[in-house]
Amino acid sequence: MRNLFLLLCIFNTISGIAQSQKFSLQDFYTYDSELEYVVDSIFNTLSDRQKVAQMIISSAGELGKPMSTVKKLAEEDAIGGVVFLKGDKKTHTESIAALNAISDKNETLPLLFSMDAEPSLFASRIKGAKDVGKTIDIKTEEQSDRVVNVINKELREIGVHHNYAPVLDISASNEAIKSRSYGSDKEQVIKLANQFIQCTQEGGIIATAKHFPGHGLVKGDTHKQSVYIDGELQEVDNYKPIIEDGVISIMIAHITVRNNSTYGTDGLPASCSRKIITGLLKEEMGFRGVIISDALNIMKAVTILDNAPLLASKAGCDLILMPQNEEKVINTVLSEMKKDPDYQKQVMQSVKKVLRMKVCGGVISST
């Protein structure tokens, strides 16, 4: 791989040297020949192994992998990003600085840093941060903006680029969702979630609508067992206005769909179903953004499967979240690419989307 110095030279020669970040999240869905050139230039410097690594998000912080393990993955250029779980602001900040130092030293692409900074989870994700209350207690767009501004400020100060929020699930009564939902009024949920997304992305943080195709009106918790949508997809329409208004990423739930002749997942969770991700979300609903799986390391609904990360990628996920073994994922995906040219093409498209998001999100400088 050519080093980052050469990449920066490419950026700086495009229409002169800009004084600030050239592209923003608002450019993600806009055709721009300069942006295409930047993304293609970065893409062309990477080996196939490095390209596949861009799709992998490891974990750090309390409940995540030890920082020594994550640093080793960064040293080996085996990941594209890291999600930070529970921890205090000082530790998160120091960890991100250490990982950025590794990227700088080794002249590898900067990592994408993420967090589940939903209002209801915010205080536990960043211990000591201002308590913004629970999602269920947000009732107006003005209140939502105040909450988002606090969250965005904390994330920017720590160095986090990508927020796995908001929850678009309708009900607050589900075992896994509880107060993380905006409630049971569908229109209110859509309005407030969309406001959260718009304010988040205008503030330079990537937002993520979740948990597609809907986790609110089901029984059970995918952390503990397989959970089923039995029949109609009652929550999927929530995503249509969110997609139209430009949400950049969507997270797929580990929910199995049964008794549905059109969208039944044949016993697989939605996160591993091509019918749900490629057929429904991409082709029918026209989503062109970045699709991320839910966590693949501990959730019983998916750990019971053989090779769930490969299944998630083949189904259409662009980012593979928290696999148990990152190196194994890279090798498995590379092996499958050699056997399946169509899958290889799909992986390359995923990588370009991830790189585009990194450029527009300021992870990779475009000055």
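1. Helices here are DSSP runs of H or I with at least four residues, and strands are runs of E with at least two, numbered from the N terminus.

2. Before going on, please note that this is a predicted model, where local features need pLDDT of at least 70, side-chain atom pairs count only at pLDDT 80 or more, and totals for chains, interfaces and linings use all residues. Residues are numbered from 1 along each chain as its sequence is written, and side-chain values use heavy atoms, leaving out hydrogens and water.

3. Within helix 4 (residues 67–75), V70, L73 and A74 are buried (under 20% relative accessible area, 1.4 Å probe, protein chains only). They lie on the same side of helix 4 because their arc around the axis is only 100 degrees, taken from the directions from the helix axis to the C-beta atoms.

4. What do these buried residues pack against? Their partners are strand 1 (56–60), strand 2 (81–84), helix 5 (89–106) and helix 13 (326–339), with contact meaning heavy atoms within 4.5 Å.

5. Now the sheet: 5 strands form an open sheet in the order 4-3-2-1-10, with parallel pairing (two strands pair if DSSP finds at least two bridges between them). Strand 4 (162–163) and strand 10 (320–321) are at the edges with a single partner strand each, so one side of each has no neighbour in the sheet. Strand 3 (residues 112–115) pairs with strand 4 over 2 bridges, and M115 has N163 as its bridge partner in strand 4.

Notes. Buried < 20%, exposed > 50% of the residue type's maximum accessible area, 1.4 Å probe, protein only.
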